[in-house]
Structure formats: C-alpha cells, structure tokens
Amino acid sequence: MKRWRQLNLEGRAGCVLLVALVLMALLAPLIAPGDPLAITGEPMLRPFSSEAHMLGTDRLGRDVLAGLLHGTRTTLLVALFSAAVALSAGSIVGTLAGFLGGIADMVLMRITEAFQTVPAFLLALAAISATGPSVPTLIFAISLGTWTQAARVTRAQVLSLRERDFVAAARTLGMRPLEIAFREILPNAFGPTASLAAISVAAAILIEAALSFLGFGDPNRVTWGSMIAEGRTVLRSAPYLSIVPGIALVVTVLGIHLLGRGLSHRERLQP
Amino acid sequence: MPPLLAFFLRRIVTALPVLAVVLVGSFLLLEAAPGDAVDAYVARSGAMDADQLAQLRQEWQLDEGPLHRFRAYASALVQGDLGWSSAFERRVASVILERLPITLLLMGVATALAFFLGSLLGVIAGANPGSFRDRFLSTTSLALYAVPGFWLGLVLIVIFAVDLRWLPIGGIESIASGKTGFSRMGDIGRHLILPVASLAMVYLALYLRLMRDRMNEVWRDPFVQALKARGLSRNRIVWRHVARNAVLPVVTMLGLQAAAMLGGSVVVESVFAIPGFGRLAAEAVARRDTPLLLGVILCSAITVITVNLLVDLAYGKLDPRVRVGR
C-alpha cells in the first residue's frame, strides 16, 4: 500500500493495465475454454454481432476473443522469460568484464559490440531459422539480441564498485576472485541493471510480435502477431481482425512503459 | 597525417575485430541449422539420387568439416565474394547491392523525419516544461512509442490506401508506368510516404521525449540563469542555448538506433511489399538460404558501423569539445 502511494499517476496507470493483463492471461482457460485455434463458429462474424463471439470470428471461424486472451499468455510467457534471460546473461558478462579487466574485458566488450552492430531483430530471425520456432527457442532468439545493454550497464557499475572497501575486505577474508565477483559485487551492481527490466520486456514483446507476424513464431500457439498476420489477408473486408490484436499489443507495451517510468520516478524521490 | 584521415583509420581498425566476431558468431549459429544448401536445393528442384547429392555436396564443398568451410568462406569474403544465393540463383553480393539502396533511402528519409520533427516538437514541449503543450506532447509521444511499426503500417494502409484511396497500398513504384526523371521520383516518393511514416513514428516519439527531458534538465543549469540575467530574449535562450545543448544526446541516440531501425525495416518492408534489404532477410530465412542470410547479417553490421561513424563526425560539428582528431 505504501508503495502504491509513492507511485505517480503514470506508474499507477501502468500498474492497473498490467494487473488486468495478468488476469487476462490467468483467466483465459476459464473465460474461453478449449483450444483457441479451434473453429467454433461461422467465419467472419463482425464484433458485437453475436453473443457467443463477443469480438467476432476470423476468416476460418475462430473466436477472436479467445485468441486475444490466450495470446496474452504466449506474449507474457515469452517476454518475461526472454527479459529475464537477457538481464541475467548480460549482468554475468558485465560482471566478468568489469571485474577481470585486461584482456578478458577487451574480448568480452568486443563481443558485446559485435552483438550491438547486428540488429536484434535480425539476430532473432537468424536464430529462429537455425533452431526452428518454439517457445524455448523464441526466448533464446530474442534474448540473443537484447542482453548487450545489461552487460554494458553492469560493467560500468562493477568498475565503480570493485575498488570499494567491502571488496578489499572480502579479499582479505580469502574469498576466491569469482566468488567475490558474483557474491559480493554483482548483487550490489544489479540495481541499475534491474531498471532496464521494463525496456527489456517491452522490446521482447515487440520482437516476438514481429517474428510471429512474419510467420516465424510458434505455429502451435496463438499470438497477437500471428492474429494480425492472419487478419492481414482480409484487410480490405475485415480490418478489425488486424486492428484488435494490435490494440492489445499497444496497450500492453504502453502499460509496461508507464510502470517503468513510474518506478524510476519513485527511485529518484528516494535517494 | 590529417586528423580526419587518422580518425577514419582508427575507427576502421577498431571495427575489424567486431566484424570478425560477427562473422564467426553468425557462421556458428547458422552451422547449427539442420539441413544444408543441397537439402534446400533439392527441396525446390525435385528428387535426386544419393550419388548426385554426394556429388553436389562435393562441388559446393559441403562434404568437408565446418572448419574447412569457414576457411573457404572467409578467404572468399576477403576477396569481396559473399557466395552464391541458392534462392535467387545469383551472387549474394549482387542481390544485396540491388536491394540495399531502397532500404537506405527508406531509413534515411525516416531518420531525417524522426529527427527533425521529433526534436522540433521536443523543443516546443521543452520550451515550457509543465505547460499544457508539454503535457499533451509528452503523453502523445508516450502512446506513440508503444505502437509497433508493422501494425501502424497496416492501420495506415486501411485508412489512406483502402478507404481514402489517396496513396498506393505497397511496392516501391508503379509497375510498368514508363515514368522517368522527376515524375518517377514523385511516384517513388508517393510510395514511400506510408512506409516512412510507419518506420519513423516510434523514433519520432523517442526523440521528442529525449529532447524534452534533456531540455527540462538544461533549464536548471546555472548558465541559463546567467543568460536570463544578461537580458537575452526567451526565444534566443530556448533555441540558441537550451535546445542546442539538449540536442546532443538525441544525436547520440540517432547512432544507437541505427541497428534497431534496420531491424524494423525487415517487417515494414514486408508489410508494404517493398523489395528492399530488410525483406531480403525474411526471404533468406523463409527460403533457407544460409549464404544469403550470412551476407545480410554482415552487411547490416557494416551499415550500422558506418552510420555510427557519420554520427560521430556530426557530433564533433555540434560539440566543439569532442571535435575529431584532438
């Protein structure tokens, strides 16, 4: 409750949007039971024209609302996990680079730079073409292009921490260098990296949506990107089939940005 | 040695190991893919017996180990040869060179639009932090920043190409129109309006926000008080001093976003059926053309490095403290 009061208007709006989204993901099997890819009614029903299909049906007669709800699950699953993988991998690389210094630092930062010069989306595309589309490979592919920022931020933080007294104390206690790096320095350096979480999740959502829009997503799961692509084939006669899942996408990304801004604003208030 | 030349040489020397890592990394990644170029070729051209397959593999040097193949690829690369595209039945380099100018045009126009309009609106918002204009522009930019380019493209198509019929639905120019010179340029321009808008919008919102937030900070700097005390007009302070200081991080961001924009062009070009470099990446993946995909990855890395080089040069022009060569 105290935290809620510390949030500004933007943060609260983001919080509400995201809670609604998580509820959508959790309640999807209750509101729309069964396979969202199953054909359940007449094709191309307009939204609000039938009680059984609130948001209408697509070209094949699949329920749009069911797709939207189940798509939330795929989106959140892929985005949260790939952001977690990206942040962890990035902070490990950043800690090693900053703590070891010298040649190891140079090599690791050149590798980071190399990853930054290739567009994250292109990397994800290449990784998917090598591994085939499924949820775990999507998570791997997306984090492949998004870990670099966390590595840079953590490295900068580690560089400023490693000369501190508590590191010298750990050294005199006889801790091994890697133990110092990961048990003493990394936990203290993680704060600024964690503030990248919102940006990473939003980026992962957009990359996943674009991948499945191009047809490189998990074919056995319904996603917002694949719904937009599906609706595109009948864009002239039924534009809402592409527009509705896109609105879900925009609202989600907006909610994450709002919450992220709200949280960083709160941190600025508390020195 | 002139400082500018030394600067270029230094940058090329630091770029080489980065490109080497990109090359090795993408080679390893694509090496992990199941199937090879012969499988892809057979899948399109029809049945072949085992002897023919083995012969083809030998011809394309696929029967050797990955290390041997990498050496062959790298030594051809040094001579400017990117290999053979099985999907297009042409040299990879010539396919890429044909596609790259369209994407560079698209990205260039989108970047210019996002930068100028974004920072202009950012100055309008940041000239008076907290005013109605500021809050309106800030909120709008936050919402626009959440809109994925490919979806915006579809929405724009529905409005401007399907409903209003003002603009073409896709492609880069009218097919077999026989137009030349200015009328052809106008035709291409008309085709570019919607793709540029969908690619640029996110960056426009980003630059607006960045400019506005930076201006808000610069206003608190003591030197602004000194300018006010000297009796400079508010307009002059806003444009000549606050905005000029605030534009530097936006220019830095321009370089950082080059890679992201190139990635965005993959989807936007697919939406608008533009035969560009971005769509080539998607085609290479869909048609399992590994040499082509490798070439696309390498060329995009080179493009991004070049853009960053140009941004650093521009930075020196704007901020005398970091002038090149000193």
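Two residues are in contact if their C-beta atoms, placed from the backbone, lie within 7 Å. In this predicted model, local features need pLDDT of at least 70 and side-chain atom pairs count only at pLDDT 80 or more, while totals for chains, interfaces and linings use all residues. Residues are numbered from 1 along each chain as its sequence is written, and chains are lettered from A and ligands numbered from 1 in the order in which they are written.

By this criterion, 35 residues of chain A meet 39 residues of chain B. On the side of chain A that touches chain B, at least two residues each come from helix 4 (102–117), helix 5 (120–131), helix 10 (197–213), helix 11 (224–232) and helix 12 (240–269) of chain A. Helices are DSSP runs (H or I, at least four residues), as strands are (E, at least two), numbered from the N terminus.

For chain B, an unreviewed UniProt entry lists "transmembrane region" at several spans, including residues 102–124 and 192–210; such annotations may be inferred rather than shown by experiment.

Helix 12 (residues 277–286) and helix 13 (residues 290–318) of chain B pack at an angle of about 150°, with their axes 8 Å apart. Axes are lines fitted to C-alpha atoms over the stretch in contact, and angles run from 0 to 180 degrees between N-to-C directions. Helix 12 and helix 13 of chain B are therefore roughly antiparallel (over 145 degrees). The contact involves B:Leu280, B:Ala281, B:Ala284 and B:Val285 of helix 12 and B:Leu292, B:Leu293 and B:Val296 of helix 13.

How values were computed. Angles under 35 degrees count as roughly parallel, over 145 as roughly antiparallel, 65 to 115 as roughly perpendicular and the rest as oblique.
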